[in-house]
Amino acid sequence: MMGGDPLLSGFENPEDFGFETRAIRAGQPHDQRTGGVVTPISLSTTFAQDAPGSPKNGYEYSRTGNPTRHAYEACVASLEGAKYGFAFASGLSAEDALFRQLSPGSQILLGNDAYGGTFRLIDSVHGKKSGLANAAVDLTKPEQIEEVWTPDTKMVWLETPTNPMLSVFDIQAIAELVHNLGGIVVVDNTFATPYLQQPLSLGADVVVHSATKYIGGHSDVVGGFVATNHESLADDLVYVQNAVGAVPSPFDCYLALRGVKTLPVRMDRHCENAQRIVSLLKAHDAVSQVLYPGLAEHPGHEIASRQMKNFGGMVSFRLVAGQAAAERLVTTTEIFTLAESLGAVESLIEHPGVMTHLSVAGSALEVPDDLVRVSVGIESADDLVADLTQALDQLA
Ligand code: P1T
């Protein structure tokens, strides 16, 4: 999103409005021709020009720029408090655009818990094939960054809360330290969303999302997003977005834009329902440990209370009876559907060790095999509690 859509006007200063208003209106002024209040799905792949190289209204080719995509980019950038936002075809292609900014031989420091696909992209695609080095760091101890920092280290990549262990890292402390060392900090804000956490305001340089999750919110669109306030990085990102071409379709942008309008109300309910699930899990004998930043005993609780508005809809837990129990439990729920992904209205349950995090097996990011992760949806909390209770009771 470099500049607005000249055909749309109004709501030019989204920063004057609250988050909930921006979620519905930022980047989405009424259509001047029809008065339509919903951003049109702009399907045209190409746009008429007045003279060679002089597009009529700033658009020339839909990979380079598309009105529906620009509306969506302006909206999510505004929610992240960013000047620049770029939509990608998936979370991983958004991440890829950032890794492409680093020259071969550079090193990325990575939190020691992250989505398995992110690790695979860093370690296998950009590591073994394109010469980027990586090292995993326990970012709950930011001082460890200094210990492993080399002249080639350029970027610290972190999720907070992390997927799937729900660890919490202090964005402000890490950003200060990394800036002193001359690097940049990227925060994957997928679990928290901009409603609960604003990494750029805490000093992060870049925010990345799997928009497939809470931003879309309905399990019907795969997408990714990058937001930043750095102009030169924005120039490089817009270049890669066009030159590589991993852009979402206009319909995907429409779905994500439609989904993000309800992000605040969905997140409030996700957090409430997660709290109910956490209480159930804490009280159940089959559960050995509950991982949720909202718990007072969570090691990151104090940081999360400071840097998040609430604790989110993701909950992980470990089972007394180990891996077999975890694999059985995930097949005995009815409302919690056994599936990968997260962040949508429906509740999902999964076994990270053999599903979303299989690609970290044997690495510093390996996850315990007795771990179960739930994405708590916005169904009736009573139904969710009853469903998980009957499944846990079967383990007795
Ligand atoms: O799936 P995709 O839209 O490409 O996004 C990748 C991604 C990036 N970052 C985080 C924190 C993620 O959780 C994901 C995708 N995660 C899952 C599919 C999952 O079930 O954990």
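1. Basis of the note. This is a predicted model, in which local features need pLDDT of at least 70 and side-chain atom pairs count only at pLDDT 80 or more, whereas totals for chains, interfaces and linings use all residues. Residues are numbered from 1 along each chain as its sequence is written, and side-chain values use heavy atoms, with hydrogens and water left out.

2. The ligand lies between domain 1 (6-261) and domain 2 (265-393), because both give residues to the shell around it; the domain bounds come from an automatic or database domain assignment. Of the 18 residues around the ligand, the nearest are D188, S210, T212, S341 and R373, where a residue is near if one of its heavy atoms lies within 4 Å. The shell consists of 3 nonpolar, 9 polar and 6 charged residues, with Ala, Val, Leu, Ile, Met, Phe, Trp, Tyr, Cys and Pro counted as nonpolar, Asp, Glu, Lys and Arg as charged, and the others, Gly among them, as polar.

3. A polar backbone atom of S341 is 2.8 Å from an oxygen atom of the ligand, a polar side-chain atom of N163 lies 2.9 Å from a ligand oxygen, and a backbone N or O atom of L92 lies 3.0 Å from an oxygen atom of the ligand. Taken alone the ligand exposes 480 Å², and the protein buries 93% of that, with areas from the Shrake-Rupley method and a 1.4 Å probe; for residues, only the protein chains shown count as cover.

4. Helix 3. Helix 3 (residues 91-99) gives the most to the shell around the ligand, with 3 residues; helices (H or I, at least four residues) and strands (E, at least two) are DSSP runs numbered from the N terminus. Helix 3 is mostly covered, since 8 of its 9 residues are buried, where buried means under 20% relative accessible area, exposed over 50%, and partly exposed in between (1.4 Å probe, protein chains only).

5. Helix 2. Helix 2 (residues 67-79) reaches 19 Å from its first C-alpha to its last, close to the 18 Å expected for its 13 residues at 1.5 Å a residue, the expected span being 1.5 Å times one less than the number of residues. N66 caps the N-terminal end of helix 2, with a side-chain oxygen 2.9 Å from the backbone nitrogen of T68, and helix 2 is followed by G81, whose phi is positive, near 70°.

6. Strand 4. Q107 is found in strand 4 (residues 107-111) and is buried, with a relative accessible area of 11%. The side chains of Q107 and T153 are joined by a polar contact of 2.6 Å.

7. Backbone points to check. Most residues other than glycine have a negative phi, and most peptide bonds are trans. The bond joining T160 and P161 is cis, with omega about -10°, and the bond from N163 to P164 is also cis, with omega near 10°. L166 lies in the loop between strand 6 and helix 6 and has a positive phi near 60°; at 1% relative accessibility, L166 counts as buried.

Notes
A polar contact is a pair of N or O atoms within 3.5 Å; within protein, one must be able to donate a hydrogen and the other to accept it, and residues adjacent in sequence count only if both atoms are side-chain atoms.
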